Amino acid sequence: MRRGLGVSLAIVVTLAVGSLAATLIGGHTPKLGLDLQGGLSVVLQPTHTVNAGVLKQAEGIIRNRVDALGVAEPDIHIEGSSIIVALPGVKNRQRALSLVGQTAELRFRPVLGALPAFDASPPSTTTTTAAGAPPTSAPPTPTTTPAQIPTTNREGNTKDATVVLPVAKETGRLQLGPSEMDGRAIKTARANFNPTAGQWTVDFTTTGAGSKLLSALSQKYTGKQVAIELDGQVKSAPQFREAITNGQGQISGSFSEKEAKDLALVLRYGSLPVDLKRATTQEVSATLGKDSLRAGLLAGLIGLGLVLLYMILYYRALGIVVLFGLLVSGMLMYSIVTFLGTSSGLALSLAGATGVIVSVGVTVDSYVVYFERLKDEIRSGKTIRSSVDRGFSRAYRTIIAADLVSLIGAVLLYFLAVGSVRGFAFFLGLSTVLDMGIAYFFTRPMVVLLGRNRLFTEARFFGVARGLAAAPAGGPS
């Protein structure tokens with residue numbers, strides 16, 4: 001039996017140390033949430049009532065757009081009728097906010113004319129050609145409309161209206177006709193660098209239905225400009241050089257790399273099934289996130305230190321069992337959280353860290369239940385050697401009952417709550433499951449082996465017998 005206990009103990013320790021070593025050697029760390037590393041949080045709400053399916057579709061499109069930005073571990077979910085977008089660790093927050101906030105329908109409108117903005121020069125143009133064809137450019141058709149014509153506001157910007165819209169990053173405006181194609185026609189879009197021409201281009205393909213629309217649009221406006229409009233702003237106004245009949249086109253012009261990639265993102269993920277507005281925007285600085293992380297770690301370490309000090313003073317050598325048990329549990333927790341962060345995008349938030357800290361109390365409570373049960377066995381006249389295994393069998397039923405109560409509460413919180421409360425519930429539940437495993441496969445064999453070693457049971461000041469208030473030499477078994 002002793003051999004079986006030793007094997008169980010060795011497996012658990014090897015698993016904990018091995019998984020931690022592999023995590024550290026691989027250079028992996030837990031993914032931190034918005035409140036621990038700083039970032040950007042946006043609450044998007046529909047401008048009118050929509051059903052859950054439409055909101056879910058909008059969430060998926062926003063997720064694709066954010067993923068394409070390269071933001072590490074974004075948290076995008078639906079709460080009620082709102083879409084919450086949390087972007088932890090995002091570097092260029094203004095760019096992320098701009099792209100995430102572009103929630104209107106992507107439209108393709110013919111350019112009717114260019115308007116100066118307070119005597120500013122008209123915007124530069126780009127061209128749209130069939131994929132692989134050489135690009136050309138031409139100035140926009142001038143117009144005699146006065147410069148003081150106002151830009152169309154969002155309420156008046158409907159797809160069937162003739163509108164005047166500003167050009168992104170330009171001072172000019174364009175007068176545009178009704179929309180003749182929307183973003184649903186675009187299947188893929190990618191920014192590429194053309195080394196021959198020495199410029200960035202955006203290559204795109206259309207869907208089956210979109211190919212017919214693009215073919216009709218390009219034939220109708222060959223030699224003319226068609227604006228790509230999103231959220232009341234012209235992102236680009238390329239000129240069709242020729243008809244595009246194969247569903248593959250290329251937008252070229254004086255793009256920078258960033259401008260080409262942003263336009264590709266707009267084409268791929270610009271069209272939403274519902275108009276959304278930004279209800280709130282919250283920015284958490286990286287400094288504040290680090291302060292929160294530092295404060296959380298300090299609070300956890302102080303609490304853990306006080307608990308261990310008490311357990312060692314009260315239970316003597318058995319307090320060392322608690323210390324090593326928490327170390328093993330901590331190594332496994334760190335490895336699991338890191339693995340889930342890398343593989344599934346799990347982010348550790350401040351609420352999650354709180355769940356881990358609270359779970360320390362659950363874990364220590366399991367040790368107290370076991371050790372107090374050992375005291376009861378010894379008071380009944382049994383020796384430490386004969387009590388450790390029998391005491392665990394009876395104590396483990398209580399441990400399981402207590403852990404199941406915590407686990408049920410954590411599961412209910414996870415499925416019924418929203419936001420940070422779910423993070424708290426998940427980490428509390430994970431810690432509780434670990435506690436049940438550690439208690440059986442680590443605590444039990446370690447205490448049993450210590451209980452059979454006279455060096456630990458009969459030490460004058462630090463022995464197990466002192467911690468359990470038992471005589472060093474046993475009574476009847």
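Visitor: Which helix holds K258 and D262, and how many residues apart are they?
Guide: Both residues belong to helix α6 (residues 257-269), where they sit four residues apart, about one turn of the helix. Helices (H or I, at least four residues) and strands (E, at least two) are DSSP runs, numbered from the N terminus. This is a predicted model, in which local features need pLDDT of at least 70, side-chain atom pairs count only at pLDDT 80 or more, and totals for chains, interfaces and linings use all residues. Residues are numbered from 1 along each chain as its sequence is written, and side-chain values use heavy atoms, with hydrogens and water left out.

Visitor: What do the side chains of K258 and D262 form?
Guide: The two side chains meet in a salt bridge, at 3.1 Å from N to O. The term requires a side-chain nitrogen of Lys or Arg within 4 Å of a carboxyl oxygen of Asp or Glu.

Visitor: Is D262 buried or exposed?
Guide: D262 counts as buried because its relative accessibility is 12%. K258, at 34%, counts as partly exposed. Buried means under 20% relative accessible area, exposed over 50%, and partly exposed in between (1.4 Å probe, protein chains only).

Visitor: How many salt bridges does a search of the whole structure find?
Guide: The search returns 13 salt bridges. One of them pairs R109 with E229, whose closest N and O atoms are 2.9 Å apart. This pair links distant parts of the chain: R109 is in strand β5 (residues 107-115) and E229 in strand β12 (residues 226-230), 120 residues apart. Both R109 and E229 are buried.

Visitor: And E180, what does it meet in a salt bridge?
Guide: Its partner is K220, at 3.3 Å from N to O. E180 is in the loop between β8 (173-176) and β9 (181-182), whereas K220 is in helix α5 (residues 208-220), 40 residues away. E180 is partly exposed, with a relative accessibility of 30%, and K220 is exposed at 51%.

Visitor: Which residues are linked in a network of salt bridges?
Guide: R373, E377, R390 and R394 make up such a network.

Visitor: Changing topic: in the largest nonpolar core, which residues touch the most other members?
Guide: They are V328, Y370, F371 and V447, in a core of 44 residues. A nonpolar core is a set of buried Ala, Val, Leu, Ile, Met, Phe, Trp, Tyr and Cys residues joined through side-chain atoms within 4.5 Å. The elements giving two or more residues to this core are α1 (2-25), α7 (286-315), α8 (317-344), α9 (350-379), α10 (384-416) and α11 (420-451). The largest share, eleven residues, comes from α11.

Visitor: What is V328 in contact with, leaving aside its neighbours in sequence?
Guide: Beyond four places in sequence, V328 is in contact (heavy atoms within 4.5 Å) with V12, A16, I438 and F442.

Visitor: Where is G39 found?
Guide: G39 is in strand β2 (residues 39-46), and it counts as buried because its relative accessibility is 0%. Not counting residues up to four places away, G39 touches L34, L87, P88, G89, V90, R93, Q282, E283 and V284. Although G39 and Q282 are 243 residues apart along the chain, their C-alpha atoms are separated by 8.5 Å.

Visitor: How far apart are the end C-alpha atoms of α9?
Guide: They are 44 Å apart, which agrees with the 44 Å that its 30 residues should span at 1.5 Å a residue. The expected span is 1.5 Å times one less than the number of residues. After α9 comes G381, whose phi is positive, near 105 degrees.

Visitor: Which residues make the nonpolar surface patch?
Guide: L404, I408, V411, L412, F415 and L416 make a patch of about 640 Å². Patches consist of residues with over 30% relative accessible area and no salt bridge, with like charges joined within 9 Å and nonpolar side chains (Val, Leu, Ile, Met, Phe, Trp, Tyr) within 5 Å. Accessible areas come from the Shrake-Rupley method with a 1.4 Å probe; for residues, only the protein chains shown count as cover. L412 lies in helix α10 and is partly exposed at 48% relative accessibility.

Visitor: Lastly, how many helices and strands does the protein have?
Guide: There are 13 helices and 17 strands. Of the 477 residues, 46% are buried.
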